[in-house]
Structure formats: C-alpha cells, structure tokens
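Okay, thanks for coming, everyone. Let me put a chain on the screen and walk you through a few bits of it.

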Amino acid sequence: MAPQHRRARARGLIVGAVAMAVSAALVSGTAAGTGGTGGFRLPAPDPTASAAAHPDPVPPQPAAGPAATAPRVPALEPPAVPAPGAQGPPFGAFLGSDEQGVARIEQFSRWLGGAEIRVGHTYLPGNHWSDIEGDVRFLEAWARWRNEKDDRMLVLNVPLQERNEAGVPDHEVRELLRRGAAGEFDHHFRALAERLVRLKVPDTILVLGWEMNGVTYTHRCGPDPESWKKYWNRIVTAMRAVPGQEFRFDFTPSRGRDAVPWTRCYPGDGTVDVIGMDSYDQPAGTPFDEQVEEPYGLQAHVDFAKAHGKPVSYPEWGLFRNGDNAEYTRRMLAWMDQHKPLYHTVTDYCPHGVWRCDRNPASSRLYRSVLSGRDVVAPPVPQVPPAPVPVPSAPIVPPPPVGCLPVELGGRVEFWLGGKLCLPFGR
C-alpha cells in the first residue's frame, strides 16, 4: 500500500595565631595595614485505491516452509510522554510526495509540540521510466530539507517498473522481471543514482520495489521470484557503482504472507542494508497480537532481520480496516520503541492517518500524547564566563613616623602585626 502516483546531559585557609612579647621599653608605634578580597505536482493520494493492495480478508493459505511465530505477549503499557530531549527511533510521516509534503513537515512538528521530525519520506511515481530516473522537480525540495540538518534522513520509495500500478498481468510481469534480471533496465537506476548524488543526497535510503509479496504492483515478485531477486541485485550493483554514492537499500514487504511468502523474494545480505515492513491495521477484526504472531508477521520480521544482522524499519504503517483503533496505535508505537527500527513513518492520509485524517480522533490523541516533544532539542544554556577570583593584594605598609627607628621583624610577623614596629629616639 502506498500513495497512488497516478492519481534527528575548602580547601579552608588555616590561620595560625602569632603571640610576641615585646619589651616594655619598646614603645609601640604601629600603623594599621589593610588588605582586600574582594514545480512538479502530484495529485492527492487516493485512499480507495489503497484497499486494492490488501484484500480484506485474505483467505487462509498454507505458508511455504516453516512459519516463524512468537508466543502471545501481554498488552504493553503506552510509553510515557517523553520530556524534552527524550530520545526514540527516528520518525516521520508520509505527508505528500511533492513540495507540499516537504512544507507540511514543519506543521506536523508543531502539532507534536516541536518534536524533531528526522525522517522525510517520499515516493517516485511509476508511470514512466523518466519518473523512476528521478526526473521530478520535487526531489530538489526534499534534498534541500535533508541537507538542512546532518541527522536527517531521506527515504525514497523507488518502483522497479514503469506502468507500476496499471494492473499488468502476471505473464507480462514475468517477462519484465526476466528482462530486468538480464540488465536491460540498469541504465534507468544508474541515472537515478547520479541524480541523487548531484542533489547532494547520496545517503538516501532507497526502498526498492516495496510490497513485492503482494499483487498490486508491476514490480511484484510472485510471478518469478528468482528473476525478481536477480533484478534487485542488478539494480543495487548498478547504483553502488556510481561515484560518491552512500545509499542504503531497504527490502520492504507487506506484513504477512500476502500473495507469496516474502522470504522467497529476499535477494541476499550482500545487497540489502535494511529489512523493512509495511504494516497496517488489518484484516478487519484482527487484534494486534495476531499481527505479531501470524506467519511472516511482525515477530517473524524482527527475527529474520536479527538472523541476517540487519536493522528493521517501518516505512509505512497506520490504521485501516479496523477504523479508529487507538489500541492498535498504542501497541504499534510501543512495538517500535521496543525494537528500535532505523526509522518509522506513519502514512498520514485517510483512512490511515492521525494528523490530516479527522476520521481517527482517538488514535490521533494517542499518537500525539506519545510522540509530542519526542527528540526535542533543548535550547543551549548561555555560557556565562566565571567571575574572576579576587587576588588578595599585599598589605600596604606606610612609612615609619618621624622620630622612630624601624625594627625589622620580617614580612610574616609584620603582616600579622599590621605594619612595622619602630623604637622612638631623639626625645
């Protein structure tokens, strides 16, 4: 499921007493001393088309091979509302593919109490090869946003075929996959890589051929998994060959078995950097625990990624068949805080969203209460230079009065007496 593109933490001073016996013949003539211390635009996503990506419900189908399952887990309490400066997985939302999507990020942040939105997520259209080569003006706006802060990340979904949502039949998809595996389309992806490097976003996370285990897209895996994997590997090899690139490639199926087990489409650890999952609240009546435990579900996803030494991600998640389900939203946010994905982005349009979709008020309040203030960077505390430490000045010793003879007792004694002693004469 995705937008339909056709349509960041005394020493104390010990004072000794000095006593000194002075001859009665001496006449004190002391003087007191002192001391101080002192362009291109896309139509709005069509949520009705999204439903076709995930029929509801999918009839049970036997899983190919052993299915990964997890024991039922108790309901998790929602994470506490973090204080400013709290950390969590980098997150964002899909807010639109074009320049408007970029502009909405600041508004979304304000809605979340100034939370730091570190992930920008957009999609390339899949109508023509020129789209897939990145010949879309809105990429410039996303590149500028990404480069404003070093800790931001840009996530870009990339179709693997033109006419990607045109309902191309299986036999034609099979032929296209074989042509791709033979290298016929390499130059399109090399052009995209070169464009991203020129835009100074060479570290973009590329979600290639997302939801390949379903039936919606022309880049689906089912008609020929072996050719699909070879095609993926050719694309990654072609893009990694472009000088200056630092791309990370995200393999992202939809949750569950769907049309084909997504493990059959996995192209190998050498060309996959991140293992993602698109997960919506469906089918109808399915509680969150079943979404965790089902074959090829949330638990199987994190187990598979751990076994392959890869981080996980959730490029698309949100509400769907179960309506305004705050429990799903609570559990999904807790799941992601627990498993610390590289990033997650909620799909924010109806019926899935929590900000721009007024159909989901309870889920919206829950999402906002958990993520408001997340990753807010506290303003720097002004650095006030320390006050200079006063240095005691040497006692000022006045000259002896006229008519007396100074007695040299040494500086230490004279300091404690407050000045020099002198013997009178000439009287």
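I'll start with the overall picture, then go to one helix and the disulfides.

So, this is a predicted model: local features need pLDDT of at least 70, side-chain atom pairs count only at pLDDT 80 or more, and totals for chains, interfaces and linings use all residues. Numbering runs from 1 along each chain as its sequence is written, and side-chain values use heavy atoms, with hydrogens and water left out.

We've got 12 helices and 11 strands, taken as DSSP runs (H or I, at least four residues, for helices; E, at least two, for strands) and numbered from the N terminus. Of the 427 residues, 49% are buried, meaning under 20% relative accessible area with a 1.4 Å probe, protein chains only.

Now helix 2. Around Ile105 there's a bend of about 30 degrees, that being the angle between axes fitted to the seven residues ending there and the seven starting there. Ile105 is also one of the buried residues of helix 2, along with others including Phe108 and Trp111.

On to disulfides, meaning cysteine sulfur pairs within 2.5 Å. How many does a search of the whole structure find? Two. Cys221 pairs with Cys265, S to S 2.2 Å. Cys221 sits in the loop between strand 4 and helix 7, and Cys265 in the loop between strand 5 and strand 6, so the pair ties together parts 44 residues apart in sequence. Its S-S torsion is about -100 degrees, so that disulfide is left-handed. Cys350 and Cys357 have a torsion of about 110 degrees, so theirs is right-handed.

How values were computed. Buried means under 20% relative accessible area, exposed over 50%, partly exposed in between (1.4 Å probe, protein chains only).
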